[in-house]
Amino acid sequence: MKYYKIAAKLLSPIMIQENRQSNNPKSLSYIPGSTLRGALAMHYLRSIGSSNDEVFNALFVSGSIKYPNLYPSNEQELIVSKILPLTAVSCKNVDGFQRDADEDKIGHGVNDSLVDKLTKRLDQNASVPTCKKCNQSLKAFSGFWSNSVKNPRKIETVLLFTRHTGIDRNTGTVAPNIFFTNQVIADLQKVPIKENKDDDKEYYTQQFNGCTYLSEEQHALLQNLSAKTIFLGRNRSRGLGEVELSIQATEETSFDLPRWNSSLREKCKKLTNLDIPEGIYFSIGLESHAILQDTFLRPIYDVNLDFLNILPVLRVTKTQIIKGWNNAWKLAKSDDVAIAMGSVFLFKYVGNDIPGLTGYLENLKRNGIGLRTEEGFGQISVCNPFHTEMEDI
Ligand SMILES: [Zn+2]
């Protein structure tokens, strides 16, 4: 298995509807793995083969390929952005990274509050950090970011509203009192880096990227499939949703448990002069929504690790209802309750088998957690440096 980046370049605006039915539909700001998988399956059935083929089975039915969520990026940088953890905080007054390359988005700085939450547990009197520039309180800072502690940037998609009037069936003219709006993701964005002189372009093409593991064979099958442009999302018959897909091998990010643990301890010591109790601390972050169930199929809101000597320390989570549409059945998928992307779990390990635990967590990171991992759910990060190294305030 190798690690690959799947990139979708927008050739037209796209609409990924948040809810199944709504008078005022809103678009998600990313492409879910289920939408990517559905669009590729439809492309296969329309232009290549049938649902009885072995190739179709290998790609879409067996569940062996995990189609990742594609998060916003642009053609200039081609980075794979990440969701900001729910522990990310910024100034209440002027939020944003201090070092953001986009002048319009520069704020008073972004910090991570995981260590603050931990120290609050150890010492009830620990002070609550505030903005160093204006002393205002800090509030949650959400969205996507460039996933680089050295060069942090907020990544946003431009959402537009398209407006339509109703047509009177008898006269063929505009019907009175019928007017509706749709929200779509724009295919172009204004270039944010103003010093970039070699290129006088004013707009760049919106791009979405995500990563997954593929075998040589799966890679070859997908490469054949995505040679052309495909259509995804809603309102395809109106020209929306055209994207060009590409797949490239990319480098995998790794983690180092003991190193992360000591950075966490250092940060805690620096902030409060307190020592965290014994144990190797590590974090698990949800990079996409995770659908977890117990043996009675009831939703659960905790990540249970099947490894000895692990104790939960704290968690910062949100829930999310997952709605979907199955194009093959022309039916709504049943709703699932998930833990929302960005949720963070902090654990501590009190055993001695660090290599064993590292292997276990690497496996978890590779395979994802919970249900519907083939649709991009349950992607995790381990020991996110954002919690220990992000100091932007
Ligand atoms: Zn401030």
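Of the 37 residues that make up the largest nonpolar core, Leu-257, Phe-282, Leu-305 and Leu-361 touch the most other members. Keep in mind that this is a predicted model. Besides that core, let's look at a zinc site and at one threonine.

**The nonpolar cores**
- Take Leu-361: setting aside neighbours within four places in sequence, Leu-361 is in contact with Phe-255, Leu-257, Phe-282, Ile-284 and Val-382.
- There's also a second, separate core of 36 residues, and Tyr-4, Leu-36, Ile-65 and Ile-230 are among its members.

**The zinc site**
- Four protein donors hold the zinc ion at 2.1 to 2.3 Å: Cys-91 (SG), His-108 (ND1), Cys-131 (SG) and Cys-134 (SG).
- The site is tetrahedral, with angles of 101 to 113° among the 4 donor atoms.
- For comparison, the ideal angle for four tetrahedral donors is 109.5 degrees.
- Along the sequence, the donor residues follow the spacing C-x16-H-x22-C-x2-C.
- Cys-91 sits in strand β4 (residues 88-91) and Cys-134 in the loop between α3 (114-122) and β6 (138-140), so this pair ties together parts 43 residues apart in sequence.
- Cys-91 is buried, at 0% relative accessible area, whereas Cys-134 is partly exposed, at 29%.

**A threonine in a helix**
- You'll find Thr-388 in helix α7 (residues 385-389).
- Thr-388 counts as buried because its relative accessibility is 7%, which is under the 20% cut-off.
- Not counting residues up to four places away in sequence, Thr-388 touches Trp-260, Ser-263, Leu-264 and Lys-267.

How values were computed: Residues are numbered from 1 along each chain as its sequence is written. This is a predicted model: local features need pLDDT of at least 70, side-chain atom pairs count only at pLDDT 80 or more; totals for chains, interfaces and linings use all residues. Side-chain values use heavy atoms; hydrogens and water are left out. Donors are N, O and S atoms within 2.8 Å of the metal (3.2 Å for Na, K and Ca); water is not among the atoms, so sites may look incomplete. Four donors count as tetrahedral if all angles lie between 85 and 135 degrees; four count as square planar and six as octahedral if opposite donors are over 155 degrees apart and all others between 65 and 115; anything else is irregular. Helices (H or I, at least four residues) and strands (E, at least two) are DSSP runs, numbered from the N terminus. Buried means under 20% relative accessible area, exposed over 50%, partly exposed in between (1.4 Å probe, protein chains only). Contact means heavy atoms within 4.5 Å. A nonpolar core is a set of buried Ala, Val, Leu, Ile, Met, Phe, Trp, Tyr and Cys residues joined through side-chain atoms within 4.5 Å.
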